[in-house]
Amino acid sequence: MKIGDHEWRLDSIGPHIWRGDMETGQLLALSRAVKEEGGQLIALWGSDDRHLNGGFGIHVALLTGLGLVWVSCALSAETPAYPDLAHIFPQADRMQRAAFDLLGITATDAVDERKWLRHNAWAASEFPLRKDFSSLAAHRSPLPEADAYPFIYVQGDGVHEIAVGPIHAGTIEPGHFRFSIIGDRILKLEERLGYAHKGIEKRFEGMDIASGARLAGRVSGDSHSAYAWAYCMAVEMATASTVPERALWLRALYLEIERIANHLGDLGYLGNDVALAFGFAQFWRLKEDWLRMSIKLFGHRYLFDRIAPGGVATDIDAAGCAELDALTRRIEAEVRELKIIYDEHATLQDRFADTGICKPELAAQLGLTGLAGRASAQTWDVRTQFPQVPYDRLDVNMATQRRGDVLARVEVRFAEVYESLRLIRDILKRLPAGGIHTPLQPAQAACEGLGWVEGWRGEVMVAVRIAADGTLDRVHPHDPSWQNWPLVEMGVLGNIVPDFPLINKSFNLSYSGPDL
Amino acid sequence: MASYLILQKILKTGFVSEPAPQPDPALRTREQALQAEILKVFGQAVAIRHVDAGSCNGCELEIHALNGPHYNIDGLGVKFSASPRHVDVLLVTGPVSRHMEAALKRAYDAIPDPKWVVAMGECACTGGMFGESYASCGKISNVIPVDVEVPGCPPTPTALLQGILAAVSKDAPNANG
């Protein structure tokens with residue numbers, strides 16, 4: 001596969017997914033070539049491979065014009081180190097720091113060597129994802145040190161700090177925001193996450209494949225179907241199992257239902273955040289109708305555990321199709337009415353427009369992804385460019401904006417609600433007949449796979465390695481919030497503090513997803 | 001223009017609020033001696049502070065849903081508050097991550113007595129899929145005392161409301177005195 005001037009030895013392991021092993025030096029050259037061609041780094045994670053090859057591993061997923069490239073480098077057991085990639089892809093910074101916290105593998109010459117996921121639940125000398133780390137022994141030991149984190153201080157006349165979190169005023173996930181402000185304007189924001197770190201990757205180790213799907217779906221509950229599908233795609237690839245066509249179409253149906261549920265909720269909250277309680281009440285009424293449809297037709301308001309390895313757990317009959325089709329039409333008509341009100345509402349438009357701007361150039365530089373990326377002219381959508389079944393037959397229209405402000409992120413949500421409602425009607429019409437589940441092929445030897453799904457927030461990626469005994473050896477679930485959180489820090493600059501909740505909500509990033 | 005459209009939409013939508021469910025006393029895990037006295041004074045008006053102690057954010061979706069128009073919690077006297085110092089009930093979701101242990105204890109201590117703790121969701125009640133590990137303390141009652149446990153992954157808004165009402169309702173066994 002040709003990237004830049006070089007022909008890289010990469011194997012196709014699935015539609016639009018490429019795999020290769022290389023030396024750490026080549027990794028640097030490949031990253032530069034991908035960046036020069038306008039690609040991005042999606043994920044970076046490590047693994048303890050000492051039971052396989054006597055060392056550690058560093059893995060990188062890159063987005064290229066031909067799809068996702070997953071490359072790995074073997075690292076020595078004594079001095080596990082790889083070249084810093086954050087100077088090429090700034091979004092790698094926190095991922096590299098997390099890889100050190102969890103595995104003790106080092107990005108050589110990285111500028112920022114502060115801890116990231118680790119607070120005080122384990123000592124700096126311990127690495128929870130090493131196979132010889134005992135999770136339960138660590139649980140019983142008292143917290144080893146007080147958490148101290150070196151924030152970057154802003155000094156000068158009239159500068160003062162506002163520290164917010166980990167507990168916030170509303171129903172929000174835990175995280176800390178350190179604002180440096182002058183008057184009412186934000187001079188700097190620094191995020192400190194990791195509060196929701198609950199050891200998910202360690203939990204996967206040794207788990208059976210079916211339980212792994214349930215855990216993957218709970219990495220970030222609002223993206224349950226995206227994670228469950230990406231995980232299942234990975235284990236199905238690893239075991240070379242085939243899934244019935246109807247099950248794949250139903251997975252897409254679930255994913256689009258999830259996208260609509262989240263977008264409706266966000267559109268309501270964004271109205272609420274600019275004091276339009278009417279918007280909250282209306283969109284949450286529609287969302288509740290949507291969730292009640294989900295539990296009635298599929299048995300769960302958020303479709304938890306409907307996607308399982310080998311297929312799906314719940315089918316839909318002709319009456320269900322008719323009911324869902326009718327509901328999409330009613331919701332669409334109502335959302336179009338509400339869109340006119342949002343468009344006409346002067347104070348809402350005033351608060352949305354030119355607030356929290358991420359310019360396209362900055363978005364490209366820092367790797368902004370998903371719906372926030374598309375609102376800043378980053379025209380990537382896995383469903384459009386690199387479609388899996390059934391998206392390869394659905395012609396998804398990508399929603400994009402160039403403004404990069406709160407208004408643009410609202411506009412993308414409206415457009416995606418309409419498009420997903422259309423996709424659902426299309427899926428219901430063309431749903432192939434047949435079974436919805438086939439048992440997985442048993443794993444004969446150690447094997448690996450990768451799943452890649454465009455969730456409502458952005459691309460969700462899950463990489464899986466299965467041991468020869470059929471249990472999970474290493475699972476890395478990657479949330480698009482990893483890339484997007486740093487853009488919230490940038491987007492709020494120069495805005496007033498009271499607009500922070502609005503800007504934050506317009507991204508609506510996950511804490512649990514990247515905290516793992 | 002916008003005001004006219006808003007009024008038109010409100011009139012067309014009408015009322016969607018539904019009657020409240022009954023409290024579910026079976027969800028209680030302990031009774032507090034003061035409960036009866038408190039309830040005499042305050043009735044069912046209750047202020048809640050929510051803390052996410054490490055949840056996957058699934059339970060948060062249902063807390064948001066509970067604030068929607070179908071459930072009309074304001075009409076029941078139930079109100080979410082920004083500060084623990086103003087509340088009667090601490091609603092906790094998630095297993096308690098070790099990184100949230102100190103913050104959760106501090107929030108609990110900041111609530112004036114008497115107070116009730118409602119643990120919401122499978123993880124809060126049992127530790128759930130995340131269990132106890134180097135990074136997780138497991139269920140809420142491993143860290144602070146819990147009065148009501150609402151199971152489910154996530155519990156529906158109705159189940160959550162039944163749990164909240166059970167914490168503060170008048171039919172507790174010791175509520176006759």
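This is a predicted model: local features need pLDDT of at least 70, side-chain atom pairs count only at pLDDT 80 or more; totals for chains, interfaces and linings use all residues.
**Stop 1: the domains of chain A**

Start by colouring chain A by its domain assignment. Domain 1 covers 2–140, and domain 2 covers 159–192. Domain 3 is assigned 198–241 + 443–479. Domain 4 is assigned 242–355 + 410–439. Now pick domains 1 and 2 of chain A. Their centres, taken over C-alpha atoms, are separated by 30 Å.

**Stop 2: an open sheet in chain A**

Select strands β3 to β7 of chain A. These 5 strands make an open sheet, with mixed pairing. Step across the sheet and the order reads β3-β4-β7-β6-β5. Which strands stand at the edges? They are β3 (11–14) and β5 (40–49) of chain A. Each has a single partner strand, so one side of each is left without a neighbour in the sheet. Look along the sheet next: on average, neighbouring strands are turned by 25° against each other, direction ignored.

**Stop 3**

For one example, show A:Gln40; its bridge partner in β6(A) is A:Leu63.

**Stop 4: helices on the sheet**

Keep the strands and bring in helix α3 of chain A, residues 92–103. Helix α3 packs on the sheet and touches β5 and β6 of chain A. The direction of α3 makes about 10° with that of β5(A).

Now select helix α1 of chain A, residues 24–36. Which strands does α1 lie across? They are β6 and β7 (67–75) of chain A. Against β7(A), helix α1 runs at about 160°.

**Stop 5: chain B on its own**

Chain B holds 6 helices and 5 strands. Trace chain B from the N terminus, and the elements come as α-α-β-α-β-β-α-β-α-β-α. Of the 177 residues in chain B, 49% are buried. Consider next the contacts in chain B between residues at least 6 apart in sequence: 85% of these join residues at least 24 apart.

**Stop 6: where the chains meet**

Bring chain A back and select the contact. Chain A contributes 47 residues and chain B 40 residues. On the chain B side, highlight α1 (2–13), β1 (46–52), α3 (58–66) and α4 (101–110); each supplies at least two residues. Which element of chain B gives the most to this side? That is α3(B), with 6 residues. Finish by colouring the chain B side by class: 22 residues are nonpolar, 13 polar and 5 charged.

Key. Residues are numbered from 1 along each chain as its sequence is written. Chains are lettered from A and ligands numbered from 1 in the order in which they are written. Two strands pair if DSSP finds at least two bridges between them. Helices (H or I, at least four residues) and strands (E, at least two) are DSSP runs, numbered from the N terminus. Axes are lines fitted to C-alpha atoms, for helices over the stretch in contact, and angles run from 0 to 180 degrees between N-to-C directions. Two residues are in contact if their C-beta atoms, placed from the backbone, lie within 7 Å. Domain bounds come from an automatic or database domain assignment. Ala, Val, Leu, Ile, Met, Phe, Trp, Tyr, Cys and Pro count as nonpolar, Asp, Glu, Lys and Arg as charged, and the others, Gly among them, as polar. A residue is buried if 20 or more other C-beta atoms lie within 10 Å of its own, exposed if 12 or fewer, and partly exposed in between; C-beta atoms are placed from the backbone.
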